[in-house]
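Biologist: Please take one part of this model and give me a close look at it. I would like to know what it packs against and which residues do the packing.

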Amino acid sequence: MTHHRPTSSALLLLVDQVQDVHADLGEPRIQATFDAVIDALGHALVDLADGTEAPLRTTPVVDVPGPTLALDPVSCSAAGAHLAQIATAIKRLSPPTTSASLSCTVCTVLEGLVIDLQRCAEPADPQSRARTRAQFHRQLRAWLAKLQPGDRLDA
């Protein structure tokens with residue numbers, strides 16, 4: 001039987017909270033990448049709880065074809081707020097020791113997601129919203145790459 005430190009147990013409880021985060025982003029490609037980042041964050045928290053300093057699991061993007069729907073600003077705002085609470089808890093439980101630590105990477109990704117989700121929730125004209133969504137998708141892919149094991153450039 002494996003015994004976890006209290007910090008490890010608390011980090012593992014955050015995995016469920018991360019996995020419960022959902023934002024209706026409208027475009028299937030962006031949604032699939034967002035979902036992969038959320039999944040990778042959950043895996044990274046498990047790795048952190050185990051005392052690992054680098055991600056161990058590869059998380060693929062599973063594209064599900066479908067029509068582009070309207071982005072739901074309320075779900076984006078709610079997801080951002082929830083992720084901000086999780087980031088605060090992680091900083092309290094597992095303060096980053098170096099800028100290259102897994103804890104720092106997880107917090108950086110969470111903080112970036114919070115900012116971008118709030119940006120998606122703001123009212124904007126259609127052209128500006130399209131540009132924001134394209135930037136968000138590029139950033140999601142970059143964050144997913146940071147949460148993968150090794151130096152993966154193909155994420």
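Modeller: Helix α2 passes helix α4 in a left-handed crossing, meaning that the near helix is turned anticlockwise from the far one by less than a right angle, whereas clockwise would be right-handed. Helices here are DSSP runs of H or I with at least four residues, strands are runs of E with at least two, and both are numbered from the N terminus. On the α2 side the contact is made by F34, V37, I38, L41, A44, L45, D47 and L48, and on the α4 side by L102, S103, V106, V109, L110, L113 and L117. Contact means heavy atoms within 4.5 Å. By class, these residues of α2 and α4 are 13 nonpolar, 1 polar and 1 charged. Nonpolar covers Ala, Val, Leu, Ile, Met, Phe, Trp, Tyr, Cys and Pro; charged covers Asp, Glu, Lys and Arg; the others, Gly among them, are polar.

This is a predicted model, in which local features need pLDDT of at least 70 and side-chain atom pairs count only at pLDDT 80 or more, while totals for chains, interfaces and linings use all residues. Residues are numbered from 1 along each chain as its sequence is written, and side-chain values use heavy atoms, with hydrogens and water left out.

The axes of α2 and α4 are 10 Å apart and pack at an angle of about 150 degrees. That angle makes α2 roughly antiparallel to α4. Axes are lines fitted to C-alpha atoms, for helices over the stretch in contact, and angles run from 0 to 180 degrees between N-to-C directions. Under 35 degrees counts as roughly parallel, over 145 as roughly antiparallel, 65 to 115 as roughly perpendicular, and the rest as oblique.

A further partner of α2 is α5. The axes of α2 (residues 28-49) and α5 (residues 126-146) come within 9 Å and cross at roughly 30 degrees. That makes α2 roughly parallel to α5. This crossing, too, is left-handed. From α2, the residues R29, I30, T33, F34, A36, V37 and A40 meet R133, F136, H137, L140, R141 and L144 of α5. They divide into 8 nonpolar, 2 polar and 3 charged.

The two partners also meet each other. The axes of α4 and α5 come within 11 Å and cross at roughly 170 degrees. At that angle, α4 is roughly antiparallel to α5. The α4 residues T105, V109, G112, L113, D116, L117, R119 and C120 meet R129, T132, F136, Q139, L140, W143 and K146 of α5. This contact holds 7 nonpolar, 4 polar and 4 charged residues.

Not counting residues up to four places away in sequence, L113 touches F34, V37, I38, L41, L83, F136, L140 and W143. In the largest nonpolar core, which has 41 residues, L113 is among those that touch the most other members, together with F34, L41, V106 and F136. The elements giving two or more residues to this core are α1 (6-19), α2, α3 (73-93), α4 (102-121) and α5, and the largest share, 11 residues, comes from α2. A nonpolar core is a set of buried Ala, Val, Leu, Ile, Met, Phe, Trp, Tyr and Cys residues joined through side-chain atoms within 4.5 Å. Buried means under 20% relative accessible area, exposed means over 50%, and partly exposed lies in between, with a 1.4 Å probe and protein chains only.

D47, in α2, counts as buried at 1% relative accessibility. Apart from neighbours within four places in sequence, D47 is in contact with T52, A54, P55, L56, R57 and L102. Q31, also found in α2, is buried at 14%. With the neighbours within four places left aside, Q31 is in contact with H22, A23, D24, L25 and G26. The C-alpha atoms of Q31 and H43 are 18 Å apart, for a separation of 12 residues in sequence.

D116 belongs to α4 and is buried, with a relative accessible area of 11%. Beyond four places in sequence, D116 touches F136, Q139 and W143. Q148 lies in the segment after α5 and counts as buried at 2% relative accessibility. Q148 is 104 residues from A44 in sequence, but their C-alpha atoms are 8.9 Å apart in space.
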